[in-house]
Each structure stands twice: as C-alpha cells, then as structure tokens.
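The following paragraphs are intended to be read beside the structure. They consider a pair of helices, then a sheet, and finally a contact between domains.

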Amino acid sequence: MTHFLRYAAATALATSAALAVSNASATTSPVEVVVSPQGTEAWLRRDSSLPIVSLAFRFTGGAALDAPGKEGLAQFMAALLDEGAGPYDAVAYRDRLDDRAIRLSFSAGRDSLFGTLHTLRENVEEAATLLGHALARPRFDDEPVARIRSQLEAVRAQNETRPGSVGRTRWFSLVFGDGPYGRPSSGTQASLAGINVEDLRAAASERLVRRRLVVGVAGDIDREMLARVLDLAFGDLPVGELPDEAPEIGSFAGQAVHVPMDIPQTELVFGLPGVARDDADFFPAFVLNSVLGGGTPGTRLEQEVRIKRGLAYSIYTYLADAERAPILIGATSTRDEGAGETVAVVRDVVRQTAAGGLTADELADAKLYITGSFPLALDSTSEIAGFLVAMQANDLGIDYLDRRNALVEAVTIEDVQRVAKRLLVEDAMVWVAVGRSNPFP
Amino acid sequence: MIPRASSATRHRRLLRLPTSRDPTSSWRRLAAFLRAVSVVGISLCALTPPAAAGLGAETFTLANGMRVVAVPMERPGVVHHAVYYAFGAADDPSGQSGIAHFIEHLMFNGTGTTTDGQYKQIIGRNGGSTNAYTSADVTAYYATIARDRLETVMRLEADRMTGVVFKPENFEAERQVIIEERLQRTDNSPSGVFREQLTAAAWQAHPYGRPLIGWRHEIEALTMEQVEAYYRRHYGPANALLVVAGDIDAESLRPLAERTFGKVAAGGEPVPPRPKEPPHRARVTVEMEDPRVARPRWSRQYPARSYFSGAAREAATLDVLAAVLGGASGRLHRALVVRHKVALAAGAYFDGGKRDGGFFLVYAMPADGTDVSEVEEAVIAELRRVAEEGVEEREVQRAAYRFAAGEIYARDDVSTVAEFVGSTLIKGGTLQDIDGYIEMVRSISAADVAASARTLLAEQATVTGILRPGDAE
C-alpha cells in the first residue's frame, strides 16, 4: 500500500515502545492529478493488484438547498438518476448496469450529492458512459417518478415510528428551526407529494455542474484511460456555479424536549456546536471527541455509561460534517428507568471534560489509535476513492495523506484543554428523549 | 460487540423486510459475499464471466490441534486477524439461550494478564480496530491491524482463549449491557420482534429457532457458573480456527502462531450434537399487528438445505434463483413494482450459509390500495412462471457473471476475504469449495433453476409472515 501507511506506522512506533518495525515495503503510489481533455480534474491513486476501478464524486450542495415546501427534493432527485437516462428507460438502464455487474450509487446529504461507481476494469468505459447519461441526461419518466415518490413516502412514514430517526429530526429542528438544517431532508408528506418533474429537472441542471464537482479514483486504471473516463462521465455537464451556502446559526440554549413514544427503550440525542473543518482547532477537537465518545476504544462516555453502569449497549458522539453550522452530536438508547441517570452521567462527563481536559495518557493513547488506524481504514479502492473526494471537498491538499498524522501528533494537552472549554458547554447542550417517560428534571 | 456509530444515512431501497438478518452479527454471510449485486437483468448478450484465480490460501495445524490459515493478499503492511470457534448460539444449552453471545461480551472484560477493557485499548494503541460476533454456528473475534503489530493481537487472542477471569460485578454489569442490546436490536422495533417470532416459528426442534442474543428471561436467569463452565469446557485450540489475510504467508505466520496460540494447552471439548429438525408437515402463518408499523409486509419462506448440509450445488442453484427473482433488475421487482404497481418493494433471498439448513424467502410490501393477499398471489405467480416456463439461459449466465465479479470485488478488502474463508472452513467447508465456487455456479443451467423453483412450490410446509399496522391486541 503506500508510503502513508509506512509513515503512520512509524509515527505510532515513535511513541509506543515495544515492537520492532518490519517495514512492509511496496510500490509507492502517490496521489496523482489527472485532467481530462475537457477540463475535469480527478485525484487518482493507482493500485493494480485487482482488475477493478472505484470512482467517487461529490457535488457541493445537498438537501440544505431544497426550498421551503420542497423538502426532500435532493433525495428524490438522487434516487431517480439511475432510473432511466439518455437512450435508456429505467428497465434498460438497470439491465445495462447489472449485465456487467457495475455498481452505481447516488445519495444526497445535507451539503452534497455523493456518488460512487465500482466496476471491473474491463467495463470501465461502459460504466462511465452510463454515469454520464445519469448525470447529464436523467429522464425523470413518469413511471419511476411515481414509484420512487411512493417509496420515499413509505420510508418517511416508517421513519416517523423509529425512535432514532424521530430523535435526530427533532434535534435538528430544535436547533435550526426553519433554516435549511432544521427542515427534514427526507421531506414531509406534503412536500414529497408536491415535487414535480420540473422541480427535479431544475434541481438536476442547476446542481449537477462541474464547478461543484470533485472526483476521486482508485484502482487499476492508467492516466490516459482515466482522462477518457472523466469526459465520458462528466464531460457533458455544464460548468455552472457554486451554490450560495450561507452559514446557519443554531440555537444552543439548553433545550431539553421529551417526545412521547410507547417503546421499552428511550432514545437520547444530545449535541453542541462543533468546529468547522477549516478551524484552527479542528484537530484538537477531533482528538477530544475521539476520547469523549467517538472512536478511541473505551471512550469516556462508553466507560461511564456502558462499562461501569450497564445503562446502554452503545453510546457515541461525532463531529458532524456540516458545512453551514458545525455540530458535535451524540446518541444512546437506554431502558426507560435508566434514562434520567444516563442524562445525568453524560452531563457529568461533559462538565468534567470541559473543566479538566484529557489526561496525558488519554491523549497519547488517542493519538496512537488515530494515527495507527488511519491507513488501515483506507484499505480498499472504494474507501480510498471516497477519501480522495473528502480531501478535495475540504481543501486539504494533495499531500494530506502524508501530513495528516503529523497534524494529529502536533495536538498538545493545552490545545485539547482550550478546545474542551470552548466546545463542551454543558448547560448549552440540546437534548431530545424519545420514549415513554420524560427523563429531564 | 462494539456497535458502530451510525449516521442517519438511509437507502431508498432499504424498505426493511423480515429477512433473516442475524441480529448479533456484523458480518456478511457466504451467500451475500458471493452475490455480486443482487440480481440479473433480462436483456442483451451474456458476457464471459471474469476469471479469478484461487485465493492461494495455505493451511497448517499446530501441535495442540488448532487449525491455521494464511491468505496472502497484495495489501502491503495490513493484515486482518480472525479467530473462529466452532460453536454459536445454536449450541447454547437448552434453557440457557444467550450463553455464547454472553461469553463473546465477557471476552473483552479481562484475563489474568489484562484488566477490564484493556484488550480493546491495547489493540487501539497499536492502531488496530477489533470486534466480534456471534452467529448461529460460529463465535468469531477479529481485528485489522498493521502487519508489524500482528503478534500483539495474536498474543492477546491466545491469552483470552482460556484466560478470561469471571468476576461477579463485571458479570452483572455485562448482563445489563446485553439486555440493553436486546432492547435496542429487538424489543424496541416491531420488525425486530416480528423477525424473532418468525424465526421461532420456522424451526420446531432445531435451536436455530431461538434468538441469537437469547430470550430475555433466559439471559436474566443465566448464572456466572453456567457461563464460566461453558467457556472452560469449549474454548480451546481444538475448537478454534485462525485466519490471517493480507500481508502474510504461511511461512511467516507459522512461527508467530507457534509462539502465541501454540502455547495454549490442548483442549476444547466438542459441543454436543444439536437436536435435528423433523420434516415439517403443516403450513405456518405468523401474523402480528403493531401501531408502529407504517405499511404491511408479506413474506414466505421455504425450508431448504444449505451449502453446508451436503447440498452445495442445490444451494448455489437457489442463490441463482434468488438472483433471477430479486433485486432491482429481478423478476419480482419488475413485475410487481414496475409493471403492475401492486407493491412498493418485492424481492427474494436465499439464506444458505448455515450449517444445518436454511430457507428461501420471497417478500413484498403492498402498494397503497393493494391487499396483502394480492401481493402474495402476484409473488407466487412469478415463482410459478419460473417453474413452468423456465428462465432464459442468458439470465443464468448473467448471474454467473455477477457472482464472479462479486468475488473479485470482495477481494478488495482483507476482512471480507478472511471472513469468507473462516466462516466457510469453521462450518465444514473446504478451501477447494471456495476456489471451485464460481466454476460450480457456471455449471448451473436454466433448467436447474426452473427445477429448483418447482421444488420450492411443491413444498407444503412454508412459513408465511404478515406484519400489519394496527393495535397490538
């Protein structure tokens, strides 16, 4: 695999004593930039160990662009792109994909439309041609529009009975009100019913444009073939313009809301403002969250809620990748009679972490985990392609794979302390509980 | 064991239906592994299936009886390490369901040389990530880690094979965690409860009918002595299989294995034979209403032999049938959802990865204004069409292409490969089975597929599931 793997292993070793390094050396393949004849750029990491190609792409702008009353438009459009495009109706298009085992997916998040294409090398041109049709010439025929509309409505209705989904939706609406993040990205019954073909066409032509696009590719493909593939897939898209993404102001004032639902286990969702990806404090916050509830084995919350008290099977927090208003959000589920205690324990952990930061051991362990696991998490072409997209979307630089672990290493205990004070304002936390009884005092 | 933080992402085709998802497993089964996407279309030319070489796995046995497999892959610096034990939830003693899964939890709680939670911390400090699962047939523990840290994992894993220390306070806290896990996976969701009821109805004598996590009242009644006794009796090298995939070969793995697992004293009593399932003689229908169900769902499962119950070719044929019927280009979706608009979703699935038997499942979710009985008729009509009119040779060849492509895609990930090899061998499959699988799929004809549909339709003892919105009473 790569020099960044070796780099990461070496970094981790510097701080743990025990083991000897056997440097598994390999053909180093750096990230290359490929620009197609028509001007589409992609970042490529070549790997010829298997005859497969993974391509990932992202258009800036997601559900947060959906106008009031048209909530769900981004997801609706994304769901229809592979349901008929160019010369093929939905059935013919699907046959062409499945004939050659081409895996194509589109999904709409709050801030982006993300897609992946996974194919055998021998089918890469056909795959790119089909993707090109989907992006530049989606048909939005009546049959798939009606079918997907009823599927989305069924999923939406089912989600209204799922405690996790209800809790998250309510949390976002509490914090962001009627703003783009506050409205339901899967739509409402009325908005899904009201979205028409013109809306879908307008969204596709405005949002699927090259200025908003980044592309990452990994696998067995050379530069010349990739240049050709890029033009087949993206060459027919207009240049377009960047979306207007005004920052959103969340309201974090200690709200705590109980949503009654007759279920044996209460779902808790809680959160605070986070830090933006380009904030100078991003890495301290990342390390802090990792120890608080996000990733490092035996986080503080896991320790107190699960291991010591057996109150929950899972508890986690994460820094949400939200461009307009960064957030730190977490969730757990706990038996009815344990919910009040769980809320109190989480609040205590947040308060204590704000006051005391992390211990030197916790910081050291977290760095070892974060730096050591990084290359291991990027061990397949689809993961690498996706990560190359994230690097571009966040302006991290083409050498980020090499620099990333040093940025983690540079985090000091003082940095973490400062960020803990800044972020972990316990009485600002916004809480939602979904369950039988109200756990909030 | 350690749940993944899940984001709110959803897939539009994820209209969840009562399939047989193992509630406590986080892995992909053999059949799923090989199913390229899910289905095959009905058009165009059949392509030549891509050829993949054999996995090149090498195997040896340690002096204490433990089997070891190395799967060399071009993934420099990375290995996936997994230990499989030849027992799972279906081996829980009668009245003590949940015992295998309980032990899986306790394996992270410390031994004579590591304290509570240290296992994960040590792996984490070495950059690795680790987890475990309990399925009906297997209990497995795994980690992905840098090649130069492999021995650390091996030492820890060998240590906890026989070294777990049972402490009453840990035991009780873990019981609470497991009950929370059960609430989260099953009791809190109507489809979770329904799936458990359906499974219980599908097996009359065999313990596959019990929930993997255990019945709540039995989890509550388990004593530490019972759990410890089971662990002492069955955890040992004779019941264990080690698979390491990635930057490794047998020659370099052997000394590491001898230094770590090789030091564990021989032991590991085989689990007793399981009760055998008698022939079923009656149709069963399981019905449930719940106010939290937004839409009715219908499913029917047909008992079938599995890859491991002496019927590999038969099982592969059912996987091809599932590919012809299910998925976005399958016959059920095309007929019920696209053409006749009687269903919001429809598909087929074959559960062929269990040791003692499986089932073939068809399902549908009725559209607005359609009765459950109408979608049932429509699904059975499609199955009958396959049985009576056959399928096109091209559909079958396309399935083979997609299975073969799926096998190549799966090789992109060390954990998927290790899991495939480990879960196959521990259930009695062989490396030859794995390497010959695609060849076997290619030998299945359209006539074979039609014959398998006829066999299903002749089956009288089906299990039908109907989950509806409404009051629980």
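In this predicted model, helix H2 (residues 99-106) of chain B and helix H8 (residues 224-234) of chain B have axes that come within 10 Å and cross at roughly 85°. Because angles of 65 to 115 degrees count as roughly perpendicular, H2(B) is described as roughly perpendicular to H8(B). On the side of H2(B), the contact is made by Ile99(B), Phe102(B) and Ile103(B); H8(B) contributes Gln226(B), Val227(B), Tyr230(B) and Tyr231(B). By class, six residues of this contact are nonpolar and one is polar, with no charged residue.

Attention may now turn to a sheet in chain A. Five strands form this open sheet in the order E7-E11-E8-E10-E9 (chain A), and their pairing is mixed. Strand E7 (256-260) and strand E9 (312-320) of chain A each have a single partner strand and stand at the edges, so one side of each is left without a neighbour in the sheet. On average, and with direction ignored, neighbouring strands of the sheet are turned by 15° against each other.

The domain arrangement of chain A remains to be described. Chain A is divided into domain 1 (32-234) and domain 2 (256-435), and the centres of these two domains, taken over C-alpha atoms, are separated by 28 Å. Their contact takes 32 residues from domain 1 of chain A and 26 residues from domain 2 of chain A.

Which elements give two or more residues to the side of domain 1 of chain A that touches domain 2 of chain A? They are strand E2 (41-46), strand E3 (52-60), strand E5 (112-120), helix H6 (163-176) and strand E6 (213-219) of chain A. The largest share of that side, nine residues, comes from H6(A). By class, the side of domain 1 of chain A that touches domain 2 of chain A has 18 nonpolar residues, together with seven polar and seven charged ones.

Note on methods: Residues numbered from 1 in each chain as written. Chains lettered and ligands numbered in written order. Predicted model: local features only at pLDDT ≥ 70, side-chain atom pairs only at ≥ 80, totals over all residues. Domains from an automatic or database assignment. Contact = placed C-beta atoms within 7 Å. Helix = DSSP H or I, 4+ residues; strand = E, 2+ residues; numbered from the N terminus. Nonpolar A, V, L, I, M, F, W, Y, C, P; charged D, E, K, R; others polar. Pairing = 2+ DSSP bridges. Axes fitted to C-alpha atoms, helices over the stretch in contact; angles between N-to-C directions. Parallel < 35°, antiparallel > 145°, perpendicular 65-115°, else oblique.
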